[in-house]
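User: I would like to go through this model with you. Could we start with the sheet and then turn to the side-chain contacts?

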Amino acid sequence: NRDLFCNCSKLTSVTFPTSSKFKTIERRAFYGCASLGGDLVIPKTVTQIGEYSFYECVGFKSLTLSDSLTTIGDYCFYCCSGLTGDLTIPNKVTQIGVYCFYRCNGFGSLKLGQDLTKIGDHSFCKCEKLSGSLVIPERVTDIGAFCFSGCAELTSLELNDALKNIGEGAFESCTKLNGVLVINDDI
């Protein structure tokens with residue numbers, strides 16, 4: 001059922017099924033459910049999180065993604081500003097959707113999974129507390145426009161030889177990035 005829980009302003013918690021048949025969180029499933037809180041743990045059986053699934057769910061404090069995940073949809077965790085801690089994108093995820101983690105202000109560090117090939121436009125834009133080093137995995141060929149714009153606390157960046165496209169403003173306002181940046185000749 002698409003949009004079943006959409007805009008449930010009084011919903012405060014969610015418990016996911018433990019069945020191995022539970023593989024997808026459909027698009028807009030918890031869209032605008034701002035009162036949802038606590039720790040959000042995506043069950044290990046889930047392989048796909050649909051577009052807008054947790055859009056503006058500002059009450060969540062932490063996020064643990066399933067190691068089985070392959071797809072994180074567009075706008076999935078858009079403006080989930082209450083999320084804190086470190087974010088690890090599982091190894092099987094191949095693409096991160098546009099605006100996926102936009103304005104998730106509380107994440108301290110980011111580790112991207114090894115199978116990742118594309119990081120969508122604005123996906124980590126305005127994640128203002130992301131700090132330390134950012135390593136772009138070996139298979140990433142495309143970093144979207146304004147992808148890390150406004151991540152002012154990042155201090156180092158390691159790109160890979162597979163990159164074919166770095167979008168406009170991808171690292172705009174990343175004022176603490178320092179050192180030497182080597183870019184592949186094929187870009």
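Predicted model: local features only at pLDDT ≥ 70, side-chain atom pairs only at ≥ 80, totals over all residues.

User: In what order do the strands of the open sheet run, and is the pairing parallel or antiparallel?

Analyst: The order is β1-β3-β5-β7-β9-β11-β13, seven strands in an open sheet with parallel pairing. Strands here are DSSP runs of E with at least two residues, numbered from the N terminus, and two of them pair if DSSP finds at least two bridges between them.

User: Which strands stand at the edges?

Analyst: The edges are taken by β1 (24-25) and β13 (165-166). Each has a single partner strand, so one side of each is left without a neighbour in the sheet.

User: How many bridges join β3 and β5?

Analyst: Two bridges join them, in the parallel sense. Within this pairing, Gln-48 has Thr-71 in β5 as its bridge partner.

User: Moving on to the rings: how many aromatic pairs are there?

Analyst: The count is 20 aromatic pairs. Rings of Phe, Tyr and Trp (its six-membered ring) pair if their centres lie within 6.5 Å; planes under 30 degrees apart count as stacked, over 60 as edge-to-face and the rest as tilted. One of the pairs is Tyr-52 with Tyr-75, whose ring centres are 4.8 Å apart with the planes at 5°, so this pair is stacked.

User: Where do Tyr-52 and Tyr-75 lie?

Analyst: Tyr-52 is in the loop between β3 (48-49) and β4 (60-64), and Tyr-75 is in the loop between β5 (71-72) and β6 (84-88), so the pair ties together parts that are 23 residues apart in sequence. Tyr-52 is partly exposed at 25% relative accessibility, and Tyr-75 is partly exposed at 21%. For these classes, buried means under 20% relative accessible area, exposed over 50%, and partly exposed in between (1.4 Å probe, protein chains only).

User: What about Phe-77 and Phe-101: how are their rings arranged?

Analyst: They form a stacked pair, at 5.3 Å centre to centre and with 10° between the planes. Phe-77 lies in the loop between β5 and β6, and Phe-101 in the loop between β7 (95-96) and β8 (106-111), so the pair links parts that are 24 residues apart in sequence.

User: Are those two buried or exposed?

Analyst: Both Phe-77 and Phe-101 are buried. They also belong to one aromatic cluster, whose members include Phe-54, Phe-107, Phe-124 and Phe-148.

User: Which charged residue lies over the face of Tyr-31?

Analyst: That is Arg-28, at 4.1 Å from the ring centre. The criterion is NZ of Lys or CZ of Arg within 6 Å of the ring centre and within 35 degrees of the ring normal.

User: New topic. How many disulfides does a search of the whole structure find?

Analyst: The search finds zero disulfides, a disulfide being a pair of cysteine sulfur atoms within 2.5 Å. The sulfur of Cys-76 has its closest cysteine sulfur in Cys-100, 5.0 Å away, which is too far for a bond. Cys-147 is in no disulfide either, as the nearest cysteine sulfur, that of Cys-151, is 8.0 Å away. Cys-76 is buried, with a relative accessible area of 0%, and Cys-147 is buried at 0% relative accessibility.

User: And how many salt bridges turn up?

Analyst: There are three salt bridges, each defined by a side-chain nitrogen of Lys or Arg within 4 Å of a carboxyl oxygen of Asp or Glu. In one, Glu-51 meets Arg-27 at 3.5 Å, N to O. Glu-51 lies in the loop between β3 and β4 and Arg-27 in the loop between β1 and β2 (38-41), so they connect parts that are 24 residues apart in sequence.

User: Which residue does Glu-153 meet in a salt bridge?

Analyst: Glu-153 meets Lys-176, at 2.8 Å, N to O. Glu-153 lies in the loop between β11 and β12 (154-158) and Lys-176 in the segment after β13, so this contact ties together parts that are 23 residues apart in sequence.

Conventions:
Residues numbered from 1 in each chain as written. Heavy atoms only, no water. Helix = DSSP H or I, 4+ residues; strand = E, 2+ residues; numbered from the N terminus.
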